[in-house]
Amino acid sequence: MRALGQVKPQTRRRILELLKLQGPMTADQLAKALSITSMGVRGHLTTLERDGLIQYKTEQRRMGRPSHVYSLTDAGDELFPRTYPQMANSLLEALRALEGDHGLERVFQKRMHLLEEEYRARMAEKTLEERVKELAQIRTEEGYMASCERLDEDTFLLREHNCSICLIARRFSQACSSELELFRRVLDDAEITRKTHIMRGDRTCTYLIRRKGVKRSKRAAPWLRSF
């Protein structure tokens, strides 16, 4: 997810800050606040609109022609600091204090079942290879920067280059175990083994996925036999 500091140049960041602090504004109002020309601010507004960070609606003012009034989109608003992971950790700690580890386990299991429904809906009627690819796509959309590789017709690797819940996973091991169970449920015709793990200090989380009932060939390449 982008942060406000990644928006360049500084003038565009200031536009976003003004819209956050003061609410919807016209180009002329922004130009005055920034001490630049209206033409100059419109160029920045065009770029920010193209990037999906601002939007406008046309309003009829008391005098003159209707004006475009600019405001942040949801994506633009998300550039500002959020504390979702800290809040989630705090809630989970409170749950553990109230309900113990059993209550915590029930929450992660419920989350896993809800995700399973979503994943299965997107994987319906697909082959194993297609479901592995779809899983990589879903995980990428969730922030895990996932990729998949076919080793042979029955064997695949799924790699996650980022852990989007790392602050939670460091404190609650159930987060990782429930995700492995989720993969095994939606790829229920495959055997899945986690080979590397970011929480153990590895660079990626890597999952070896083998179709069930297929024996490893003794003639397999050495790099494949090593798995």
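In this predicted model, the contact between helix α1 and helix α2 is made by T11, R14, I15, L18 and L19 on the α1 side, and by L30, A33 and L34 on the α2 side. Sorted by class, the residues of that contact are six nonpolar, one polar and one charged.

Helix α1 covers residues 10-22 and helix α2 covers residues 27-34. Their axes come within 11 Å and cross at roughly 115 degrees. That angle makes α1 roughly perpendicular to α2, because the class runs from 65 to 115 degrees. The crossing of α1 past α2 is right-handed.

Stepping back to the whole chain, the protein has nine helices and seven strands. It has 227 residues, and 37% of them count as buried. If we take the contacts between residues at least 6 apart in sequence, 47% of them join residues at least 24 apart.

Next, the aromatic rings. How many aromatic pairs are there? The count comes to two.

One of the two is Y56 with Y70. The ring centres are 5.7 Å apart and the planes stand at 55 degrees, so this pair is tilted. Y56 lies in strand β2, residues 54-59, and Y70 in strand β3, residues 67-72, so the pair ties together parts that are 14 residues apart in sequence. Are these two tyrosines buried or exposed? Y56 is at 37% relative accessibility and counts as partly exposed. Y70, at 7%, counts as buried.

The other pair is F183 with Y207. Here the centres are 5.0 Å apart and the angle between the planes is 80 degrees, which is edge-to-face. F183 sits in helix α8, residues 174-186, while Y207 sits in strand β7, residues 205-211. The two residues are 24 apart, and the pair links distant parts of the chain. As for accessibility, F183 has a relative accessible area of 0% and is buried. Y207 is at 1% and counts as buried.

On to the backbone. Most residues other than glycine have a negative phi. Which residues here have a positive phi without being glycine? I have two to show.

E125 has a positive phi of about 70 degrees and is not a glycine. Its place is the loop between α5, residues 84-123, and α6, residues 128-141. The relative accessible area of E125 is 83%, so E125 is exposed.

M145 has a phi near 50 degrees, again a positive value in a residue other than glycine. M145 is found in the loop between α6 and β4, where β4 is residues 146-152. With 52% relative accessibility, M145 counts as exposed, because the cut-off for that class is over 50%.

Last item: R106. Which helix holds R106? R106 lies in α5. At 59% relative accessibility, R106 counts as exposed. R106 is 68 residues from Q174 in sequence, and the C-alpha atoms of the two are 9.9 Å apart in space.

To recap: α1 and α2 cross at roughly 115 degrees in a right-handed crossing. The aromatic pairs are Y56 with Y70, which is tilted, and F183 with Y207, which is edge-to-face. E125 has a positive phi of about 70 degrees, and M145 has one near 50 degrees.

Note on methods:
Residues numbered from 1 in each chain as written. Predicted model: local features only at pLDDT ≥ 70, side-chain atom pairs only at ≥ 80, totals over all residues. Heavy atoms only, no water. Axes fitted to C-alpha atoms, helices over the stretch in contact; angles between N-to-C directions. Helix = DSSP H or I, 4+ residues; strand = E, 2+ residues; numbered from the N terminus. Parallel < 35°, antiparallel > 145°, perpendicular 65-115°, else oblique. Left-handed = near helix turned anticlockwise from the far one by under 90°. Contact = heavy atoms within 4.5 Å. Nonpolar A, V, L, I, M, F, W, Y, C, P; charged D, E, K, R; others polar. Phe/Tyr/Trp six-rings, centres within 6.5 Å; stacked < 30°, edge-to-face > 60°. Buried < 20%, exposed > 50% of the residue type's maximum accessible area, 1.4 Å probe, protein only.
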